[in-house]
Amino acid sequence: MSENELAASKPIVLPLIDSANPEVLIFNTTAIRRLRDEYGILGVLIGTLAQYPQQNVFLSVPLKLMVWEVIWLFEQDVCVLVDWLKYCNLKKDAMNGDYKNKNLISLDKKKADTKPDFLITTNDYGEEDDWELIDQCKVTLQSYIDKYLSSPNCKTTIPQLISNYHKFKHLKNEGYFISPGLKFGGDLVIYPGDPLRYHSYSIIKFDFVDINEIIVGGRLATGVKKNMIIMESSHAKEQSSVGLDVANELFSDPTITAYSIEWAGFG
Amino acid sequence: MSQIDLIEPEDELPDYSQLSVPKRGEKEFQPDGTTIQQSALQTSLEAMYSALDSLRMHHIKQKLIGIWRTEDNCCYIPHPRGGYFKDMGVPSGKKGGVVLNAIECLYLVERGSMAVYLGDGNNSEEDIESTGLALNLSYLYALAKVDLAQYQIYSYLKRLGYIIQPYTSKMDHIPLFKPIKQTKMKPNYLVGLARNWGILSYPSFHPMHFKTKHYFNYTDIFKSLSLNTESIPKTTGNLKITFRVWKPTPSFSKKSPPSPDFHVVVLDTSTDTKFPSFADVQALHDEISSTNIKPKEQVKSPPKKKSSMPPSKKELRAKRQAERQSKLDQSIQKRNAYLNSRDQHLKNGSVTVVIAIVNQGIINFVNLSRGNFKLKECDNLDNVFPNKTHSIIYNEF
């Protein structure tokens, strides 16, 4: 097995940062590549790009993942969720106070003994994932979901989360690239290929009750050369959430029906 | 597809042309399976990945070092330098140190302008570089535990050059209610007599008012018809103002900041897309109007350099308009200026709050202003015509 194949067989490390909401943020650029190239998971880059720190068009790490993307990676069984603070602290403790900081570098590589002239901050620990420590800091899907739902800002219920995830999964498994949909006032936006190259097809709305919203959405979507899609899941929503095996429910495959809406102006 | 021409030399920083993701027009509607499309996509991807891999750094001459204090969730900077501290941080200690909150600290590290070390409480400031652990970005995120929505808005506005400080409520220092003058006339015998003789009229809401009052112009009639609407009672809302934001000004001082240009409320709608309730918005407006008592002094922008470009159509039109205005009578000029600024007041309302909506990491801004149709407390209108009621129906000059 070559070195690359070995790396590719390892699960992708998803750092879980416990802030106001539990956030999954990716700092490792190799992981970002793998997510995009192998699994079509886009996420959203939210960090300042250090070379061009005064613009908002090109951003950099960390890459923030949506909750549905995380669950989907769990269902594919290709990731491991890590309590990142615990992991970092363990790594620090393992050094026993002998830190040997390597953040002073010299950019002039031609001369070997030049004085370091730049102070850098790395994204993360680079390629050296410490799997022994990672095993100690694993977070299960169940406890991630529990954390997500119990955070004070979260207003989703378990049945809603399950139903929305089923809709996400349906689209993902159809091969679409998926981004959050606020730009067009929807829940998701889907692309036929990588959004770096292709325009999006459709604006996705999960829940609809108001006919006026359908008209507004359909008309807006048609105006920006897209269609609007509303989705319904056959999964019974009215289940009591007590004693529900969330992971099992999430990984089930109910029938999803999707309706495409375009604004039809007669005449 | 050849791999050779895609690999970039490592020690070269990518320039903008390499960075640029294809623009709108250059994108395509769907994959057609051609190699051309595939290699164009690959180029874009590689440009993006190489941008992500580039170093986050600053030169040793501008060295800026912070010490993370886990117990206080903040970052101490013993020797602040550079232009970052005009609006960031609070002075701490006697030696000119500064303490940054978690959001500010994260922002500076992420743009490569600062390196942060983790102390264990016993390190001295001077040898922290050898005794403390240099934090990588992921460790700092894990320690800082910032509200990601707030951090995204902060860094978004910072990157655009705005001056930002966390909002602190001043409600405690300012009396909430102004005493309302109440002048209630008690009708007595003499007044009744005067009304009977037609000298004095009934007050405007009395059914007999229009039978007993004589009007000589329309404005007075309109005035008497206007309802004396009481201001809506104060409410308490669930939303809190997050940031005070100023447009970039060279003379900004964080010790005595002027009134902010914007008040920003960060709203994370990832799990709930409901718009803030009326009570919430009302409470925000009340809070802003109670803290913004002093009228904002208009900062004069420095005179623009004359550009070598020929004037645009818009500039030409404005110039012609100004020439035409200057030929008019003084009083007419004054009236036109007045009407202009009155329209601005009607259009923009009086109290503005900016709601920054963050949904799954995507940002959107919404501006909410309180309508000011009665045109109360408009100082620049009062300056032109002091004792005038500015409402739109009183068009007499």
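Q152(B) sits in helix 6 of chain B, which covers residues 148–159. The model is a predicted one. Q152(B) counts as buried because its relative accessibility is 5%, and the cut-off for that class is under 20%.

The interface as a whole brings 76 residues of chain A into contact with 75 residues of chain B. Interface size is often expressed as the accessible area that is lost when the parts come together. Chain A and chain B bury about 7300 Å² between them, and carbon and sulfur atoms account for 60% of it.

Polar interactions are also found here. There are 20 residue pairs in polar contact across the interface, with both residues at pLDDT 80 or more. The rule finds 1 salt bridge between chain A and chain B. It joins the side chains of R33(A) and E46(B), with an N to O distance of 3.6 Å.

On the side of chain A that touches chain B, the elements giving two or more residues include helix 2 (29–39), helix 4 (84–94), strand 3 (44–48) and strand 7 (118–120). By class, this side of chain A has 41 nonpolar, 21 polar and 14 charged residues.

Strand 7 of chain A also takes part in strand pairing between the chains: its partner is strand 1 of chain B (residues 57–59), in the antiparallel sense, over 3 bridges. Within this pairing, L119(A) has H58(B) as its bridge partner.

Note on methods. Residues numbered from 1 in each chain as written. Chains lettered and ligands numbered in written order. Predicted model: local features only at pLDDT ≥ 70, side-chain atom pairs only at ≥ 80, totals over all residues. Heavy atoms only, no water. Contact = heavy atoms within 4.5 Å. Buried area = accessible area lost by both parts, 1.4 Å probe. Salt bridge = Lys/Arg side-chain N within 4 Å of Asp/Glu carboxyl O. Polar contact = N/O pair within 3.5 Å; in protein donor to acceptor, adjacent residues only side chain to side chain. Helix = DSSP H or I, 4+ residues; strand = E, 2+ residues; numbered from the N terminus. Nonpolar A, V, L, I, M, F, W, Y, C, P; charged D, E, K, R; others polar. Pairing = 2+ DSSP bridges. Buried < 20%, exposed > 50% of the residue type's maximum accessible area, 1.4 Å probe, protein only.
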